[in-house]
Amino acid sequence: MVNEVENQDAPQGTGAVSASEKTLLVLEAAMAHPRFTDVVEATGLAKATVHRILATLAERGFVATGSDGGYLPGPKILSLAGLALQRIDISAICQPFVDDLVDRVKCTIHVGAANGDEIVYLIRTDSDKPYKMPSRVGHAIPMHSSGIGKVVLSDYSADAVARFVARAGLPGRTEHTITTLEDLRGELAHVRSVGYALDREENVPGVACVAAPVRDHTGAVKYGLSISTLTLEHSLEQVEAMAPEAIAAADLISEALGYHARD
């Protein structure tokens with residue numbers, strides 16, 4: 001009889017679910033769905049079980065209810081989330097995905113973070129090619145002339161882009177650098193439409209890259225991942241053809257940072 005009751009609480013297609021698994025299922029569902037019926041549907045558990053677990057979570061401060069009766073994150077889970085965010089090591093999270101990407105594309109991979117009006121490299125991992133990129137971890141580069149910078153800027157509002165240009169300017173790094181607000185806005189519109197950015201020898205002569213956005217747990221683009229190579233080895237068309245690889249790796253990192261895309 002006990003096994004029959006447990007199996008009634010098991011989500012379809014699974015065996016018996018432990019008490020701890022049920023609690024985690026309900027907690028995760030309550031963070032994503034404010035209504036009780038949606039939590040029940042998302043977990044596949046019995047209503048009585050969901051109600052009992054939610055009551056315990058509320059008592060312990062992991063779940064709260066809003067003025068409309070919907071479920072919200074409680075003070076305990078917010079406190080734990082804050083502690084977890086303080087301890088995040090972005091480089092450690094990114095490195096396995098970067099290493100895998102290097103093995104596939106045989107190019108240098110960078111991960112950079114927005115720092116004020118610049119991008120700072122957090123990771124540079126080279127392939128086994130005989131040459132090295134003219135970059136280093138901790139090095140700051142302009143946003144407007146780099147692939148990673150462009151994907152970060154593509155998340156800015158029109159007013160925020162204008163303010164960025166007023167503060168930082170658009171200095172020419174090479175003959176290919178974007179140096180006008182109008183051209184930058186056009187470039188960023190294209191980045192938003194395709195989901196990646198190109199650096200067409202805009203920061204360093206002879207170096208090109210394709211970059212994809214990395215989102216934090218809130219969905220904000222604060223980081224970027226790029227595949228960099230020499231134009232002597234890859235044409236710009238070949239660099240752009242690696243965009244799906246960059247996007248796939250960046251999306252995996254975003255998920256590892258807690259971002260969940262919504263349909």
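The tour below goes through a predicted model, one selection after another.

Begin with residues 17-75, where UniProt, in an unreviewed entry, places the feature "domain: HTH iclR-type". Over this stretch the chain is 61% helix and 10% strand, and the C-alpha atoms at its ends lie 27 Å apart.

Next, select the strands β3 to β8, which form an open sheet of six strands in the order β5-β4-β3-β8-β7-β6, with antiparallel pairing. Because β5 (140-142) and β6 (197-200) stand at the edges and have a single partner strand each, one side of each is left without a neighbour in the sheet. If you look along the sheet, you can follow how its neighbouring strands are turned against each other, by 35 degrees on average when direction is ignored.

Now keep β3 (residues 108-115) and β8 (residues 221-230) in view, for these two antiparallel strands are joined by six bridges; in one place to look, Ala113 has Tyr223 of β8 as its bridge partner.

For the last stop, select Ser154, in the loop between α7 (147-153) and α8 (158-168). Is Ser154 buried or exposed? Its relative accessibility is 14%, and because buried means under 20%, Ser154 counts as buried. The side chain of Ser154 reaches the backbone oxygen of Val151 at 2.6 Å, and, leaving aside residues up to four places away in sequence, Ser154 touches Leu188, Val191 and Arg192.

Technical notes:
Residues numbered from 1 in each chain as written. Predicted model: local features only at pLDDT ≥ 70, side-chain atom pairs only at ≥ 80, totals over all residues. Heavy atoms only, no water. Pairing = 2+ DSSP bridges. Helix = DSSP H or I, 4+ residues; strand = E, 2+ residues; numbered from the N terminus. Axes fitted to C-alpha atoms, helices over the stretch in contact; angles between N-to-C directions. UniProt positions renumbered as here; feature names shortened; annotations may be inferred. Buried < 20%, exposed > 50% of the residue type's maximum accessible area, 1.4 Å probe, protein only. Polar contact = N/O pair within 3.5 Å; in protein donor to acceptor, adjacent residues only side chain to side chain. Contact = heavy atoms within 4.5 Å.
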